[in-house]
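Hi,

Here is the model I promised to pass on. Have a look at it first, and my notes follow below.

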Amino acid sequence: MISIRNVSHRIGQSQILRDVSADIPDAGITALIGPNGAGKSTLLNLVARLLTLQTGRIEIDGQDIARTSSRDLALKLAIVAQQLGVASRLRVRDLVGFGRWPHHRGRPGPEDEATVAEAIASFDLGALQHRFLDELSGGQQQRAFVAMGFAQGTDWLLLDEPLNNLDMFHARALMARVHALSRPEAPRPRRVVMVVHEINYAAAWADHIIALKDGAVAACGAPTEVLTNPVLSALFGMEIRVEELHGRPLILHHI
Amino acid sequence: MRLSYLLTATALLVLSLLSVLVGAADFRLQDVTADPDALRLLLTSRLPRTFAALLTGASMAVAGVIMQLLVRNRFVEPGTTGTTEAAMLGLLCVTLLAPGAPILLKMIASAMAALVGMAGFLLLLRRLPPAQPLLVPLVGLIYSGIIGAGATFIAYQADLLQYLGVWMSGEFSGVLAGRYELLWLAGALALVAYVAADQFTIAGLGRATSVSLGLNHAQIVVLGLVTVSLVTALVVVTVGMVPFVGLVVPNIVARTMGDNLRASLPVVAGLGGGLVLAADLFGRVIRYPYEVPAGTVFGVMGAAVFLWLLLGRPARA
C-alpha cells in the first residue's frame, strides 16, 4: 500500500497540493483524475521522489520514501514520466535493458536478459527491438518506455499520462496490456498508479480512483462510486451525463 | 559493433604510422636502430606529436558526447557553449596575475573557469523552451561570443592577444617530449568516463528516468561537468583548441551506433583521435615543408559538417 499523509506542496507562490491524505490500495490499477492544474502529476511526482516532499509523509509498503535511499526505492517502484521530445538515440532493446540497471548496475546476468526478453514480448516490441528510439513514432516510444518500467521488475509502476499522444488503437492496447499485468492471476501482478486525462479509460480499466480538485482529494473509491453524475459534475464544474455499459460507468462528457 | 572497433583500430594504426613518417626532417623508420639522431627525432618529436594529436582528438570527442548527453542536445560541444572561452579567460587571468605559476596550476585555474562557464550555460538553458532544440546551440554561440569578447578585451589591454591566438587554434608543430604530457591526463579522464558510460547514457534519457533507475542524477551531472571542463582546460593549455571535434565526431558515430556509450564510446574516442591526427597530417603536407595548424584544417572541415548536421538532419533529429 502507498499511504499519503497530510501532503502539501507549493511551487513559488502557488499552492499545488493542500493537505492531501490518501491510500493507494495494494492491487490493480489506481487512476488519478481531475481537471487541469488539480495537482495530479505533482502528487504522482512526489510519490515517485521526482519532487522533494515539503510537508507530510509518503510511505510505500511501510517504507518512508524520505528515509529510503533512491537505490532501494528503484527496486520498489518504476516511473514512466511523460516523454517530451526524446533526444536519445538508443535501440529499443538497450532502452528496455536499462530497466534492469537497478538490479545489475552494469553487469547484466542471464535473469536480466530473460526479463528484458519477456518485457519486449509482452509489449509487442519484437519487431522494433533493434530500431533506434528517435526513429519511432510517439506511440511506439511510449510503449518502449512502459516496457522499460515493466522490466525494472518492481511491485509498483507509476505512469504519468501514458496515453498522451497515443491514438485510440494504441491507447486501448496499452491499457489492456497494463491491465493484464496488474491482474491477480498474472505471474507477478504489478500495482499500477497512473494519471489519466481521458476519464473513460479510468472508467473502463481502473480498480480504484482518486479524484483531485484544486490540490485536494475530492473523492476516492471504486469507479462506480466516484464516476457518478454528482461527483463528476462538481469535479469538472459542468453537467456530465453518466451511463452504464457492461456494469462500468460510461461518461458522456463530450455532449 | 566488432567491425567498427576493428575499423577504428586499423585506421588509427595506419594514421599513426604515417604521422611518424611525415615531417620536415628526413626520417626513415629502418634507421632507428642504427642512427641515434633518427631515434631521438622519433622519441622527442614524431611520437609525442602523434600521441598529442590522438589524445586531443579522443578526449575532445569524449567531452563532446558527454556534454551532448547531459544537455540532451546534439548540437553542443565545449567550443560552442562558452566552455572553451571561459577556460581561455581563466588562463588569461592567471597568466596576468601570476605569470610564473607552474603549468599545472594554470591548468587548474583554467579548468575552474571552464566549470563556471559551463554552469552558467546550464543555468541559461533552463530558461529556453525545450521544444526548440536549435535554440540551444544558437544561445551557446552568443554566450561564448560574449565571454570570448571579454577575454579579447582583457588580452588587448594587457597586450597578450597573441596568447589568445595560440590557445584558440590547435597546433601540434610545437609538440615535443616534455611539453605535451599533461594530455595523458585528458586521456585518463576519457577512460574514467568509459567506466561511467552507462550512467551517462541513462542521464541522457532525462532526470525522471535516471531517478526511476535509482541513479544519483546530480552526481553524474557534476562528474560530467568536471570531466568536460578539465579536458577543455588541458587541451587549451597544451596544444590549443581544436574546434568542432566534440560536435562532429559524436554525431557521426551516433548516426550508425546510437547513444549507448558502453558500445560507442571507444569508437567516439578512436574517431576523434583519428580525425585530429588526419587533420594534422593534412596540415603538414598541404604546403610542405610549411605547416597549417590542425585546428584550422579541422575548423574548415568541421564547420562544413556542422552546417550539414544542422540543415540536413532527418525530420526526427
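To start you off in chain A: which residue does A:Ile2 stand opposite in E4(A)? It is A:Ile60. Do keep in mind throughout that this is a predicted model.

E1(A) and strand E4 (residues 55-60) of chain A run antiparallel, with 5 bridges joining them. E1 itself covers residues 2-11 of chain A, and 7 bridges tie it to strand E2 (residues 14-24), again antiparallel. Within that pairing, A:Arg10 has A:Gln15 in E2(A) as its bridge partner. The two strands make a hairpin with 2 residues between them, and A:Gly12 in the turn has a positive phi of about 65°.

Going on from E4(A), you reach strand E5 (residues 63-64) of chain A, which runs antiparallel to E4(A) and is joined to it by 2 bridges. A:Ile60 turns up again here, standing opposite A:Gln63 in E5(A). This hairpin also has 2 residues between its strands, and A:Asp61 takes a positive phi near 45°.

Now the salt bridges. The count over all chains comes to 20. Here are the ones I looked into:

- A:Asp64 and A:Arg57 meet through their side chains, at 3.2 Å from N to O. A:Asp64 counts as buried because its relative accessibility is 11%, whereas A:Arg57, at 38%, is partly exposed.
- B:Asp37 and B:Arg40 form a salt bridge at 3.8 Å, N to O. Both sit in helix H2 of chain B, 3 residues apart, which is about one turn of the helix. B:Asp37 is partly exposed, with a relative accessible area of 49%, while B:Arg40 counts as exposed at 54%. The cut-off for exposed is over 50%, so these two fall on either side of it.
- B:Arg74 pairs with B:Asp259, and their closest N and O atoms are 2.8 Å apart. This one links distant parts of the chain: B:Arg74 is in the loop between H2 and helix H3 (83-97) of chain B, and B:Asp259 is in the loop between H11 and helix H12 (261-285), 185 residues apart. Both B:Arg74 and B:Asp259 are buried.

There is also a network in chain A, where salt bridges that share partners join A:Asp26, A:Asp61, A:Lys76 and A:Arg191.

On to the nonpolar side. In soluble globular proteins, nonpolar side chains tend to be buried together. The largest nonpolar core here has 144 residues, and the members that touch the most others are A:Ile33, A:Val96, A:Leu125, A:Leu227, B:Phe172 and B:Phe200. Helix H2 (residues 36-71) of chain B gives the largest share of this core, 15 residues. Apart from it lies another core, of 29 residues, including A:Val7, A:Val20, A:Trp156 and A:Ile210.

What does A:Leu227 contact, leaving aside its neighbours within four places in sequence? Its partners are A:Ile33, A:Ile199, A:Ala202, A:Ala203, A:Ile209, A:Leu232, A:Val242, A:Pro249 and A:Ile251.

B:Val248 is in helix H11 (residues 245-257), and it counts as buried because its relative accessibility is 3%. Neighbours within four places aside, B:Val248 is in contact with B:Gly302, B:Val305, B:Phe306 and B:Leu309. From B:Val248 to B:Met301 is 53 residues in sequence and 9.6 Å in space, C-alpha to C-alpha.

The other position is B:Gly274, in helix H12 of chain B. B:Gly274 is buried, at 7% relative accessible area, and it touches B:Leu12, B:Leu15 and B:Leu54, not counting residues up to four places away. B:Leu234 is 40 residues from B:Gly274 along the chain, and their C-alpha atoms are separated by 19 Å.

Last, something on the surface. B:Ile103, B:Leu104, B:Ile108 and B:Met112 form a nonpolar patch there, with about 380 Å² of accessible area together. One of them, B:Leu104, lies in helix H4 (residues 103-125) of chain B and is partly exposed, with 43% relative accessibility.

Cheers

Methods:
Residues are numbered from 1 along each chain as its sequence is written. Chains are lettered from A and ligands numbered from 1 in the order in which they are written. This is a predicted model: local features need pLDDT of at least 70, side-chain atom pairs count only at pLDDT 80 or more; totals for chains, interfaces and linings use all residues. Side-chain values use heavy atoms; hydrogens and water are left out. Patches are made of residues with over 30% relative accessible area and no salt bridge: like charges are joined within 9 Å, nonpolar side chains (Val, Leu, Ile, Met, Phe, Trp, Tyr) within 5 Å. Accessible areas come from the Shrake-Rupley method with a 1.4 Å probe; for residues, only the protein chains shown count as cover. A salt bridge is a side-chain nitrogen of Lys or Arg within 4 Å of a carboxyl oxygen of Asp or Glu. Helices (H or I, at least four residues) and strands (E, at least two) are DSSP runs, numbered from the N terminus. Buried means under 20% relative accessible area, exposed over 50%, partly exposed in between (1.4 Å probe, protein chains only). Contact means heavy atoms within 4.5 Å. A nonpolar core is a set of buried Ala, Val, Leu, Ile, Met, Phe, Trp, Tyr and Cys residues joined through side-chain atoms within 4.5 Å. Two strands pair if DSSP finds at least two bridges between them.
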